[in-house]
Every structure is written in C-alpha cells, then in structure tokens.
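Subject: Structure handover

Hello,

Here is the structure I promised to pass on. Please look through it first, then read my notes below.

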There are 2 protein chains.
Amino acid sequence: METLLTSPTQTVHIGAAHPFVVIGERINPTGRKTMAEQIAAGDFRQVLADAHAQVTAGAQMLDVNAGIPMVDEPALLAEIVRLVQQAVPVPLSIDSSVVAALEAGLKAYRGKALVNSVTGEDERLEAVLPLVKQYHAAVIGIANDQSGISHDPEVRFAVAKKIVARAESYGIAREDVIIDPLAMPVGAVPASGATLFQITRRIREELGVNTTCGASNISFGLPNRPGLNATFIAMAMAAGMTCAILNPLKEETTNAIRAANLLLGHDENAQTWIRFNRPQQEETAGAAPGGARPRRPRPGSASE
Amino acid sequence: METLLTSPTQTVHIGAAHPFVVIGERINPTGRKTMAEQIAAGDFRQVLADAHAQVTAGAQMLDVNAGIPMVDEPALLAEIVRLVQQAVPVPLSIDSSVVAALEAGLKAYRGKALVNSVTGEDERLEAVLPLVKQYHAAVIGIANDQSGISHDPEVRFAVAKKIVARAESYGIAREDVIIDPLAMPVGAVPASGATLFQITRRIREELGVNTTCGASNISFGLPNRPGLNATFIAMAMAAGMTCAILNPLKEETTNAIRAANLLLGHDENAQTWIRFNRPQQEETAGAAPGGARPRRPRPGSASE
C-alpha cells in the first residue's frame, strides 16, 4: 500500500516498495527555548535554517509544529507552512494537537499534506477526519485513545484498526492513513521496542497500511541517543515501518537508514550506500595503514 | 527454544529469552596470510592473541578453524581447541568442512561444543550428525545442499527443515540444531538481506529452532563494512536471530548488538547500554545543549 504526499513540485511515495521516508522533526519549538521565543516574536530564521539543513541532510519531508503556550497557534502554524513551502520543495507534515491550527495549516498548504495527528477518541476522530477529507490530505493515526497508551499490543492494535475504519467511513482511502504504534522510551518501558516491532508487523500484515513513529522518543533519558535511535529505526524497518519523524542531522541515524534500505533491497547497485560511505582520499591518506576505516565525518553528531 | 553450550566453567544460553550470543570469527586462517603461516608452522601466538582479544571485547563463544591447504587439519584443529580452551573460558564452535577435523576437534574439546557445520546433502548429514550425537554436541545446519545456495526462500526453508528432521532421527534434540539461513553479500545479491530476514522469521515461527549466520559476509565488497554489518545484525535480531559468528572487535557492530538487546527487552534497566555508552566528562562538556531533546508529548498521551 502506498501513501502519496505532494508539494507543488515533488511527490513522496511512502510504502514497502520504496526506500524509507525520513520526515525531519526539527521544526518544533517543544523543548527548544530559542526557537520558541523567536517564533513567538514572529522571527522565523531558525525555522528556515532548520528547514534547509534537514532537506540538505536528506529529509524527504518536514514536520512543522508551532505549539507554543500563549500564542495564536493557528496563525503561526499557517505562517510557518507558507514560509517553509517557499524555502524548500519537500511535502510537509502539519503537526498540532489543536484542531484549528491543523485547519489553518491545511488551508495554507499547497499540495497534499500529511496531518499529524489524530488519536483514537471519537471526538478527536470526528474533529480531525473531516478536515483530512476536505483538504485531500493523509493523516497519522496514533494508536492511543481516552484510556491512554496501553502496554497491551492487542489494545493498541484495536485502536489502530478503529482509526483506519473510521477514516474509511469519512471517505478517506486506507492508504492515506499512516499508523503510529507509539515509540515509548525504552529506558522507562523495557518492552517498548519489542512491542512496537510486533504491532508494526501486525499492522502491515493485517491492515496493510503504512506505519510511522516519532523515533527519537525511544532513547529518551539514555546516553548515546543517536546510536540507539539508529539501531531502533533499522529494526523498525525490518518489522515493516515505512517512514518516521526523526532528526536527519544525526549522521549515525541516517546512515543506518541507508544501510537498512540497502538490506531491504531499496538501493539499486548499492549506489546510495557507496556514495555516502566511500572512503575519502584525504582520510585514506592520513589513516593508519591497515586500519582501512572508511568512516565519513559526521556533521551534526554531538558526541564521539 | 534454548541451545546450551558449555566449557568446563561456563554455560552459554542461545535463545529468544536471552541476549544475543556473539561467536567470535577471528580464529580462522582463511584470508589471513600471517595467521595461516604461523599455524602451519605450529606457532599459535596470533590464535591466542585473537582468543583473548575477542573474549575481552565481549564474545561469549569463539569459532575455531584451521582450514589451511596442505596441512594436517585434524591434528591442528585439535591442538587449537586444546590451547584456546586453556587460554579462555568460553565455549567453542568447532569449524571445518573436513569431517575428520570435526571429529578430532570434538575429541579434544572439554564440554558441549557447537559443530560448524553440516549442510543438507545426505552424505554430509550421514557423516556429521553421528559425531554430533556421539560427542553430545550441538550443530549448525546450513540451508544449502547439492543444488547450491538457492535464491528461493522456499527451497532454503525446505533444506533447513530437512536438517532438523534428520538430526532428530539421529537422536539429536531440535534445540541442538541452529540453522544458518546464509547471509550472501548484498552487493552481489540485492535480495539477500530481505530473504535472510524472511527465512529467519519463518524458521523461528515454524521450526522453533535458533538461527545464526556468518554476519560479516553480508557486506563483502562494500565500503564501511562495520557500519553495514551493525545495521544488518540488528535487523536480523529483529527477525528473530539469536546468535551470529562475527568480528567482536568492531565496536560499531557490538554496540548495535547492545542497542538491539536493549530494544528486545534483554538489558535490564539498560545497564549494559549505559555502561558502554556513558558520556565521558570531556565529551559532555563539549556537547551542544539541546542535543537530548525529548519529543513533544502527543495529544492525550500518558506523558501529558
């Protein structure tokens, strides 16, 4: 099953027959004090810098969020959507928990957007799905509801199934629903990785729809987050996940995604892998003989 | 299902309920000219250095191979088994394509060894399985036979099934058969990763036995082999693989295995991950603030 998202100039295909789609997570003021202050003051320089940096690093889509307390979130999100679309050519994921903000973002958006997100409660579904239909968008359905995030895979699967069925009842094709089975921090919830892989596989096999997650969440509170995220996303891809919202500036993570694309048969002649992992002349010259360690420099990786 | 291997002082448990078992690949003269010359001359210094280095790096078992043209392989393999068992406490995998060498190695071994390996041809099964039974060993069954390595997952699965059944007919418990579904170089066989993940999962689900592979083979001919191997092994673990023969001296690979163990629920309180990935004082001081940003809380999520 294939989800298509578009901008005025680009189409992104999400599905098992395609390379994994990276949705850049950085345009989000949550936990980013400077960005939040800038956005609240109508200064979008950091937003645009992050848009360019993430697309340069290989993000095929960008998530945009304007969730700042005490601001006019609908107006701000619409403005960010407009500015980011002027700056970069990739399709966007419009991210808010406020329905009016989603609507304002969709109104401003040119192309077929991804709505991030709807949860399984009836009142959320009834508020968000008509907008998804009206604006010919696709939507991320999060596998939790009024009872919270269940640790029982059966319950989360049932919520996913409900969201897909409800979307169809609104005339939204099931290929336009992407389920987020929820990556909980493995440091706090030891079974969260295994549970996510299991639900992801089951959603693919039984519902046939695409899956995604906010990948960075898995490593919350643990050291070497890029390393843990890299392994996590490759394992999620092995389980059938087809896109994720993550930080593309972490080279360790994006290179693991390149490796996993190759290992899943989505990198013809290993072209992409070889291009990004070719030993560099100057490094080879300076490397210890026999070490033959063709690592690339890691832009954006804070540690190591 | 659980495979137990022993040395006089250690027991290794291979199975889905345990952390992944790393079998060190380095004691193998194939492609290592200096080691081959040393071994042929009765000099085992490199062998013992590799034994110590691999165990220090975290290998829970070691593979030992003495496959050098024009030598008395049975005598050499038996000698290596004796010396390595004197030097390090871990159980061994006795590796040869020569039946007499396997027998000599088994005779010299103290404990319950892993025999590496038997393939699916009748004459190989009839030669190797009685030895496995006689010496109370376990055995790696490789999923190919006289027709070669099939690209058809059905054929490879059928060979695996035949090996398990034949072993049982010799009185070898199925938990003492570990199937190697064959990691072919992904640079030459584009489907090899996806095929391996699929067969691995099916063997686990339908036969219930453990699986292994020679992991380094997957990256043959490609740049950044440790990086590709690291992602590969994590994906194989997601598919249900429980041990592999690989180079534990490559920190990128062993750290991906630690991450995958954590994500599969085999690292209580993330103790091992934290021990090996704890930020060092000077790194923390230099790290950019905001690197460890939590994902925003989802609407209706437990974190709100």
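In this predicted model, α8(A) passes α9(A) in a right-handed crossing. A crossing is right-handed if the near helix is turned clockwise from the far one by less than a right angle, and left-handed if anticlockwise. Helix α8 of chain A covers residues 225-238, and helix α9 of chain A covers residues 251-263. They pack at an angle of about 25 degrees, with their axes 8 Å apart. That makes α8(A) roughly parallel to α9(A). (Angles under 35 degrees count as roughly parallel, over 145 as roughly antiparallel, 65 to 115 as roughly perpendicular and the rest as oblique.) The axes are lines fitted to C-alpha atoms, for helices over the stretch in contact, and angles run from 0 to 180 degrees between N-to-C directions. Helices (H or I, at least four residues) and strands (E, at least two) are DSSP runs, numbered from the N terminus.

Which residues meet there? From α8(A) come Pro226(A), Gly227(A), Asn229(A), Ala230(A), Ile233(A), Ala234(A) and Met237(A). From α9(A) come Glu252(A), Thr253(A), Ala256(A), Ile257(A), Ala260(A) and Asn261(A). Contact means heavy atoms within 4.5 Å. The residues of this contact divide into eight nonpolar, four polar and one charged. (Ala, Val, Leu, Ile, Met, Phe, Trp, Tyr, Cys and Pro count as nonpolar, Asp, Glu, Lys and Arg as charged, and the others, Gly among them, as polar.)

On the conventions: residues are numbered from 1 along each chain as its sequence is written, and chains are lettered from A and ligands numbered from 1 in the order in which they are written. Local features need pLDDT of at least 70, side-chain atom pairs count only at pLDDT 80 or more, totals for chains, interfaces and linings use all residues, and side-chain values use heavy atoms, with hydrogens and water left out.

Now some single residues. Glu251(A) is in helix α9 of chain A. Glu251(A) counts as buried, at 7% relative accessibility.

Asp267(A) lies in the loop between α9 and α10 (271-277) of chain A. Asp267(A) is buried too, with a relative accessible area of 10%. Leaving out residues up to four places away in sequence, Asp267(A) touches Asn261(A), Leu262(A), Thr272(A) and Trp273(A). Asn269(A) is in the loop between α9 and α10 of chain A. Is Asn269(A) buried or exposed? Asn269(A) is exposed, with a relative accessible area of 58%.

Next, the backbone. Most residues other than glycine have a negative phi, and most peptide bonds are trans. Asn269(A) has a positive phi of about 55 degrees. Asn224(A) has a positive phi of about 50 degrees. The peptide bond from Asn116(A) to Ser117(A) is cis, with omega near 15 degrees. A cis bond also joins Asn116(B) and Ser117(B), with omega about 15 degrees.

Best wishes

Definitions and conventions:
Buried < 20%, exposed > 50% of the residue type's maximum accessible area, 1.4 Å probe, protein only.
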